[in-house]
Amino acid sequence: MPLIKTNGIQLHYEERGSGISPDETPLLLIMGITAPGSVWNVHLADWQYYFRCIIGDNRGVGLSDKPSGPYSSEQMADDYAGLLDAIQVEKVRVVGCSMGSTIAQQLAIRHPDKVQSLVLMCPWARCDNYAKSLFQHIMNCKARFRPEEFSLYIQLLIFSKSTWDNSEKYEELGIGRKQDSVNPFPQPLHGLEGQAAACINHNALADLGKIEKPTLVIGGRQDIFTPVWMAQEVANGIPESELFLYENLGHAFHFENTADFNPRVRNWLLDN
C-alpha cells in the first residue's frame with residue numbers, strides 16, 4: 001500500500017482499475033470525516049471497471065499521517081494536489097463525500113487545472129451554528145464513548161428511518177458496530193478533532209462561482225447531518241451545476257440505495 005510525501009505528511013493511497021480506455025481521465029475519491037478510503041469499496045465494486053480509481057486516506061485517519069490539528073479543507077485539498085503531482089496525474093474527475101466534498105470544492109477552486117468534473121455528495125459551502133455545534137458534539141462523543149457507542153451515534157446521524165425500519169439493514173448496522181469495536185486502525189481523537197476543525201471552518205460560499213467544471217450535487221432529503229439547504233446552497237453557487245436529491249434517504253444515501261447510486265454516478269461521470 002503506497003505512501004506518498006505530500007504537503008508535509010505521508011498520505012496513504014491505493015489504485016483500483018485501469019479505465020475503459022487508456023486516455024480515460026482517472027477518478028479521485030475523497031471520503032468524509034472519520035472514514036478511511038476503504039469505505040469506498042461498495043462503490044469501487046462498480047466504478048473500478050470504468051475508471052482508474054485513486055483512493056486516499058485523508059490526513060488524520062486510516063494509514064495516512066495524523067498530525068495534531070487543526071486541519072483545513074484548503075490544506076487537505078493541497079494534500080491531494082501533491083498526491084496527483086507525485087503520481088504524475090494531470091487531471092481527475094473527483095467524487096467527494098461529506099467532508100470530502102468540501103475538500104473537492106477547494107481542489108477545484110485552488111487547483112482548477114487538475115479537475116475535470118465534480119460529484120459533491122451531501123456537501124456544504126459553510127456551516128451554520130447548528131452544524132458547528134454538531135461537529136463539536138461529534139468530538140465530545142469520540143472523547144467519551146466506547147468505539148461501538150461512537151459508531152452507533154454516527155449511524156444515527158447518517159442513516160434514515162427507512163434503513164432503521166428494514167430488518168435486514170438494521171442487522172447490518174449492528175454488524176458494522178461490532179466491526180468498529182475491533183478496528184485495528186482506529187482514528188485517534190486528535191485526528192478527528194483536526195478533521196472536525198476543517199469541517200467547521202470550511203467556507204467556500206464566495207468562491208463557488210469560480211468552479212467552472214461540470215458538477216453534480218447529490219444528497220438525501222432526509223439528511224439530518226447536512227440538511228438539504230446545504231446541498232441546495234452549493235448547487236446554487238456553482239454555475240450550471242445539477243442537483244439530485246433522493247427521497248426518504250439520509251446522509252448515507254449512497255449506502256442506502258447503492259443499486260441506484262453506483263450506476264447513476266458512473267454514467268454521469270462517463271458523460272463528464
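## Overall architecture

Of the contacts in the chain with a separation of 6 or more, 77% join residues 24 or more positions apart, where a contact means heavy atoms within 4.5 Å. The model is predicted: local features need pLDDT of at least 70 and side-chain atom pairs count only at pLDDT 80 or more, whereas totals for chains, interfaces and linings use all residues. Residues are numbered from 1 along each chain as its sequence is written, and side-chain values use heavy atoms, with hydrogens and water left out.

The chain contains eleven helices and eight strands; these are DSSP runs numbered from the N terminus, with helices being H or I of at least four residues and strands E of at least two. The radius of gyration is 17 Å, close to the 19 Å given by the globule rule for 272 residues, so the chain is as compact as a globular protein of that length. This radius is taken over C-alpha atoms, and the rule is 2.2 Å times the number of residues to the power 0.38. The C-alpha trace spans about 45 × 40 × 35 Å along its principal axes.

## Burial

Buried residues form 53% of the 272 residues. Buried means under 20% relative accessible area, exposed over 50%, and partly exposed in between (1.4 Å probe, protein chains only).

## Packing of α2 and α3

Helix α2 (residues 73-86) packs against helix α3 (residues 99-110) at an angle of about 70 degrees, and their axes are 8 Å apart. Axes are lines fitted to C-alpha atoms, for helices over the stretch in contact, and angles run from 0 to 180 degrees between N-to-C directions. The two helices are therefore roughly perpendicular, a class covering 65 to 115 degrees; angles under 35 count as roughly parallel, over 145 as roughly antiparallel, and the rest as oblique.

Residues making this contact include Met76 and Tyr80 of α2, and Ile103 and Leu107 of α3.

## Local backbone features

The peptide bond from Gly69 to Pro70 is cis, with omega near 0 degrees. Pro70 is found in the loop between β4 (53-56) and α2.

Two residues other than glycine have positive phi values. Gln88, in the loop between α2 and β5 (92-97), has phi near 60 degrees and is exposed, with a relative accessible area of 72%. Cys122, in the loop between β6 (115-121) and α4, has phi near 40 degrees; Cys122 is buried, with a relative accessible area of 2%.
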